[in-house]
Structure formats: C-alpha cells, structure tokens
Amino acid sequence: MSQSTQLLPREFAARAVARVLIVDDEPHVLAVGKAVLEAHGFEAVASRSGEEALELVRKGVEEGQRFSVAILDITMPEGASGFEVLEWLRACDPRLPVIACSGYFQEDVKDLCQAIGFVDVLHKPFNLESLCLAVRRAMVQDIEAVGVVSTLQPGTAS
C-alpha cells in the first residue's frame with residue numbers, strides 16, 4: 001500500500017468532492033496538476049495569478065464551496081509573490097491549507113515556508129505520487145484542525 005492511500009484513500013477524496021486550487025504561472029504545470037488531481041477524484045481549478053486565485057477563493061467562501069486545499073507557486077515573476085498571495089488567501093479563508101510549490105527550493109526553505117503558514121512544500125517538477133500525497137496530507141491537517149477547534153468550545157475544561 002502506498003503512502004498516499006494510507007493517509008486518505010482515493011475513494012474518500014472522491015466522496016468528499018475535495019476542491020483543489022492550483023496557482024501557477026506556467027500553463028503546463030496547471031494542465032498536468034489539474035489532470036492528475038481530477039484523475040484521482042478531486043475537483044481541480046487552475047489559476048494563473050494570485051489575484052485570480054484570491055477571487056476564486058473569495059467566491060468559493062461566499063457560495064459555500066470552499067476549496068479544500070490550495071497549491072501555490074511561490075515564484076511567479078508577474079504580479080504578487082506567493083508570499084503575498086498566501087497572506088491574501090489567509091485573510092479570505094483562514095482555514096484554507098496552502099501548499100508552497102516551486103522549483104527553486106533550497107534545503108532550509110521547508111521550515112521557513114511552514115513557519116510563515118504553508119502546510120507543506122511541493123518541489124517542481126512533481127510527480128503524481130508527491131502531488132496527491134501533499135494534497136491528502138493537507139486535507140488531513142485541515143480535518144484535524146477543525147476537530148481540535150470543535151472540541152475546544154468555550155466553557156469546557158481542557
């Protein structure tokens with residue numbers, strides 16, 4: 001059994017109709033990522049800019065169709081940086097798990113990215129297994145965070 005199926009089976013992802021937002025300035029990365037995620041039961045939405053991504057997240061929140069996970073390229077040469085977009089997305093949907101994605105990571109960047117709010121780091125070029133595993137890990141973290149929040153109701157002992 002692979003790591004990705006141990007974390008969250010494909011059948012669960014399909015039943016949950018998880019929405020994944022992919023933000024990247026490279027059309028081939030968007031196309032491959034979207035195709036892989038859809039083949040594994042996710043609803044994938046592609047965005048070529050941070051501004052467009054923010055609008056998609058805002059619309060999803062307003063319409064009750066939140067994204068389950070966002071994958072965000074942190075080195076987009078045009079427009080806002082991935083770090084700025086992370087701040088915007090957090091302001092719009094604080095529960096949205098965001099995965100950093102780039103081909104330019106150095107050894108210590110994973111800790112830095114997680115320290116500023118990314119839930120995981122995905123190195124480009126990514127393969128099918130690493131993409132699906134990162135998304136499933138982020139979904140599990142979101143589910144665990146919601147579970148922790150719901151158990152910490154005001155007036156209850158901890």
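1. How many residues does the largest nonpolar core have, and which of them have the most contacts inside it? The core has 23 residues, and those with the most contacts inside it are Leu-21, Leu-72, Val-98, Cys-113 and Phe-118. A nonpolar core here is a set of buried Ala, Val, Leu, Ile, Met, Phe, Trp, Tyr and Cys residues joined through side-chain atoms within 4.5 Å. "Buried" means under 20% relative accessible area, "exposed" means over 50%, and "partly exposed" is in between (1.4 Å probe, protein chains only).

2. Before you go on, keep in mind that this is a predicted model: local features need pLDDT of at least 70, side-chain atom pairs count only at pLDDT 80 or more, and totals for chains, interfaces and linings use all residues. Residues are numbered from 1 along each chain as its sequence is written, and side-chain values use heavy atoms, with hydrogens and water left out.

3. Helices (H or I, at least four residues) and strands (E, at least two) are DSSP runs, numbered from the N terminus. There's also a second, separate core of 22 residues, which includes Ala-44, Cys-101, Ala-134 and Ala-138. As a rule, nonpolar side chains in soluble globular proteins tend to be buried together.

4. Have a look at Phe-118. Leaving out residues up to four places away in sequence, Phe-118 touches Leu-72, Ile-74, Gly-82, Phe-83, Leu-86, Val-98, Ile-99, Ala-100 and Cys-113. Contact means heavy atoms within 4.5 Å.

5. Gly-82, Val-85, Leu-86 and Leu-89 are buried in H5. They sit on the same side of H5 because they cover an arc of only 105° around the axis, the arc being that of the directions from the helix axis to the C-beta atoms. The buried residues of H5 pack against H4, S3 and S4, while the face turned away from the buried side carries the exposed residues Glu-87 and Ala-91.

6. Now for salt bridges, meaning a side-chain nitrogen of Lys or Arg within 4 Å of a carboxyl oxygen of Asp or Glu. The count comes to eight. In one of them, Lys-124 meets Glu-26 (3.3 Å, N to O). This pair links distant parts of the chain, 98 residues apart: Lys-124 is in the loop between S5 and helix H7 (128-151), and Glu-26 is in the loop between S1 and H3. Lys-124 counts as buried at 16% relative accessibility, whereas Glu-26 is partly exposed at 30%.

7. Other salt bridges sit within a helix. Lys-34 and Glu-38 meet at 2.5 Å, N to O; they are four residues apart in helix H3, so about one helical turn separates them. Glu-55 pairs with Arg-58, with the closest N and O atoms 3.2 Å apart. These two are three residues apart in helix H4, so again about one helical turn lies between them.

8. Finally, check Val-32, which is in helix H3 (residues 27-39). Val-32 counts as partly exposed because its relative accessibility is 46%.
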